[in-house]
Amino acid sequence: MTKLTGSTYTKVALVVALCLVLCGGLLGCSTGCGSAWYNAQQQFEANFEAADFENVGSAEVDSGGIRNITVQWASGGVDVAVRNDDTDTIKLTETAPGRLSEQQQMRWRVQGDTLQIAYGWERSWLFGCSATAHKQLTIELPKRLAADLGAFTLQAASGTYDLGTLGCETLNIDLASGQVNGADMRADNLRMNVASGLIDLKGAFVEQIALDAASGNISIASTACPASADLTLLSGNVDIALPADSSFTADVKKLSGSFDCSFPTAHGKNTDSYVVVGSGDSRFAIDITSGNVSLQEA
């Protein structure tokens, strides 16, 4: 029988907290914010650290020596783009519906070989009605860096995130809610932790696809069959499209919900919990409490 992991329980708590936060955002534009909204805000602050990095607001950052990028963002959205010139700097552009005070602007710093970007640090605006409620960040990367990052990490509470055509060794996505998109991407390792929301990624994911989801809709279309996949689903829908010549063995543990595989399978080697496609080279571990997981031919 499948069982819930500690991280999955945490994601369930985040879903509940998010609902409280959203209710607070709708009803809390007055002095009488309830304790539930405050407690939810504290929950998110624990997971999305209020950064006090030394640099403030939009900037041009020297890309020399930078291999990794980490982004923590609360609301609004982030777009990752490739610079259309030969400039070798990383351009960070922050916009908002209203004027931002210095305290409300994003923070950033370079720590070793990692560029760290944070939504900001002032507690009062994380999920309230202020000019920062829907801030937008555009990250423009030099061509060489956009195609060959070490790790790109996105930690998002809500909003819309477009990762563009990013290429990296490891892509980490921690999503409480909102939407993450990407097209023509490349990542050796794709790792996702999802409380709720939507993820739609297309590209080449070669070594590993790892997912731990409490809810949401996740769609991954890979031009390569990964060497391994580890999928844990509490609820929601997961659709993974792979090349027709993929070769994998799927070991499925299911409490409820459904598992579907559209690939031709090796006769005599399949059960409801064990599927062999081709010679079965890659290893997929799939753990479903509820919800639906589908493996389809691209």
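The structure is a predicted model, in which local features need pLDDT of at least 70, side-chain atom pairs count only at pLDDT 80 or more, and totals for chains, interfaces and linings use all residues. Residues are numbered from 1 along each chain as its sequence is written, and side-chain values use heavy atoms, with hydrogens and water left out.

Of its 298 residues, 50% count as buried; buried means under 20% relative accessible area, exposed means over 50%, and partly exposed lies in between (1.4 Å probe, protein chains only). The accessible surface comes to about 13,000 Å², with 50% of that belonging to carbon and sulfur atoms, as given by the Shrake-Rupley method with a 1.4 Å probe. Among contacts (heavy atoms within 4.5 Å) between residues at least 6 apart in sequence, 56% join residues at least 24 apart.

The interior comes next. In soluble globular proteins, nonpolar side chains tend to be buried together. Here the largest nonpolar core has 65 residues, and I117 and F152 have the most contacts inside it. Such a core is a set of buried Ala, Val, Leu, Ile, Met, Phe, Trp, Tyr and Cys residues joined through side-chain atoms within 4.5 Å. Beyond its neighbours within four places in sequence, I117 touches a list of residues including F53, I69, W73, L92, M106, W108, L137 and I139.

W73 also takes part in one of the aromatic pairs. A search of the whole structure finds three of these; rings of Phe, Tyr and Trp (its six-membered ring) pair if their centres lie within 6.5 Å, and planes under 30 degrees apart count as stacked, over 60 as edge-to-face and the rest as tilted. The rings of W73 and Y119 have centres 4.8 Å apart and planes at 80°, so this pair is edge-to-face. Because W73 lies in strand β3 (residues 68-73) and Y119 in the loop between β7 (114-118) and β8 (136-141), the pair ties together parts that are 46 residues apart in sequence. Both W73 and Y119 are buried. The rings of F248 and F263 also form an edge-to-face pair, with centres 5.4 Å apart and planes at 90°. F248 belongs to strand β17 (residues 248-254), while F263 sits in the loop between β18 (258-261) and β19 (274-277).

Charged side chains complete the picture. There are eight salt bridges, each a side-chain nitrogen of Lys or Arg within 4 Å of a carboxyl oxygen of Asp or Glu. In one of them, D200 and K202 meet at 3.2 Å, N to O; D200 is partly exposed at 24% relative accessibility, as is K202 at 40%. Salt bridges that share partners join E60, R83 and D85 into one network. Within it, the closest N and O atoms of R83 and D85 are 3.7 Å apart. R83 is buried, with 8% relative accessibility, whereas D85 is partly exposed at 29%.

Key:
Helix = DSSP H or I, 4+ residues; strand = E, 2+ residues; numbered from the N terminus.
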